[in-house]
Amino acid sequence: MHAFSVAPSRLGRRLPRAASLLIAFAIVCATMIALPVQEARADRASAFMKKVTTALLRASRKNSSVALERVIARYADVPYIGRYSLGRYARALPRRDRARYQRGMVRFMARYAAGEAPKYPVRNVRVLSRGFRISGGIGVDTRVVLRNGTSYDIRWLLVRRGGTYKVRDVQVVGIWILQFQRTLFRKFIEEKGGRVAALVRVLTR
């Protein structure tokens, strides 16, 4: 399920398409921190999404990327997202650096969304479906309508974790955001000679 300050801007410069595609992620965040959500029917997956929405709304009112960072850390499937985003370089990340890398990644997501989301003012959001099975987990469909009348259908990929769910990925304008982040991180690491430590340093500054 966020301005990327120094780290995001440097990563974005190294992959020109990053800026435009990351806007999609910002739209997702704008969706989550905007207006009250109308649920189609209550079930565990859609109820979970309502809980996430409420938490993000509170964080947005504080106008703080730190507050948003806490929400992402709580509700996102951070360990999986972290491993997947590194791709084949995941094995090169020392175990002692995993927690630091994950914290930096979450901060990266929160800072970018906090800076970009206000550019996409939302009129309303609607949950279109109950949870349904899709490849990789449980899907929940939503529709966001911006104040200019533009609408986007957004699909959330949830996975079960104990008695609840975690957000693993989000699809907006046909793009699964996690795959994009993986491409972004891979390009950066490759330009740094395959050194994962370079990415960790940028994310944690």
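Contact here means heavy atoms within 4.5 Å. The model is predicted: local features need pLDDT of at least 70 and side-chain atom pairs count only at pLDDT 80 or more, while totals for chains, interfaces and linings use all residues. Residues are numbered from 1 along each chain as its sequence is written, and side-chain values use heavy atoms, with hydrogens and water left out.

**Stop 1: Gln181**

Select Gln181, which is found in helix α7; helices are DSSP runs (H or I, at least four residues), numbered from the N terminus. Leaving aside residues up to four places away in sequence, Gln181 touches Ile81, Ser85, Met105, Phe108 and Met109. Gln181 has a relative accessible area of 8%, so it is buried (under 20% relative accessible area, with a 1.4 Å probe and protein chains only).

**Stop 2: helices α6 and α7**

Next, show residues 98-116 (α6) and residues 177-191 (α7). The two helices pack at about 115°, and their axes are 14 Å apart. The axes are lines fitted to C-alpha atoms over the stretch in contact, and angles run from 0 to 180 degrees between N-to-C directions. To see where they meet, pick Tyr101, Met105, Phe108 and Met109 in α6, then Gln181, Leu184 and Phe185 in α7. By class, this contact has six nonpolar residues, one polar and no charged. Ala, Val, Leu, Ile, Met, Phe, Trp, Tyr, Cys and Pro count as nonpolar, Asp, Glu, Lys and Arg as charged, and the others, Gly among them, as polar.

**Stop 3: aromatic pairs**

How many aromatic pairs does the structure hold? There are four; rings of Phe, Tyr and Trp (its six-membered ring) pair if their centres lie within 6.5 Å, and planes under 30 degrees apart count as stacked, over 60 as edge-to-face and the rest as tilted.

Select Phe48 and Tyr75: the ring centres are 5.8 Å apart and the planes lie at 70°, so this pair is edge-to-face. Phe48 is in helix α3 (residues 44-61) and Tyr75 in helix α4 (residues 65-75), so the pair ties together parts 27 residues apart in sequence. Phe48 is buried, at a relative accessible area of 4%, and Tyr75 is buried, at 7%.

Now go to Phe108 and Phe185, an edge-to-face pair with 5.7 Å centre to centre and 70° between the planes. This pair links α6 to α7 across 77 residues, and both Phe108 and Phe185 are buried.

**Stop 4: charges over rings**

Finally, select Arg168 and Tyr80: the charged end of Arg168 sits over the ring, 3.6 Å from its centre. This requires CZ of Arg (or NZ of Lys) within 6 Å of the ring centre and within 35 degrees of the ring normal. The charged end of Arg182 sits over the ring of Tyr84, 4.3 Å from its centre.

Note on methods
Buried means under 20% relative accessible area, exposed over 50%, partly exposed in between (1.4 Å probe, protein chains only).
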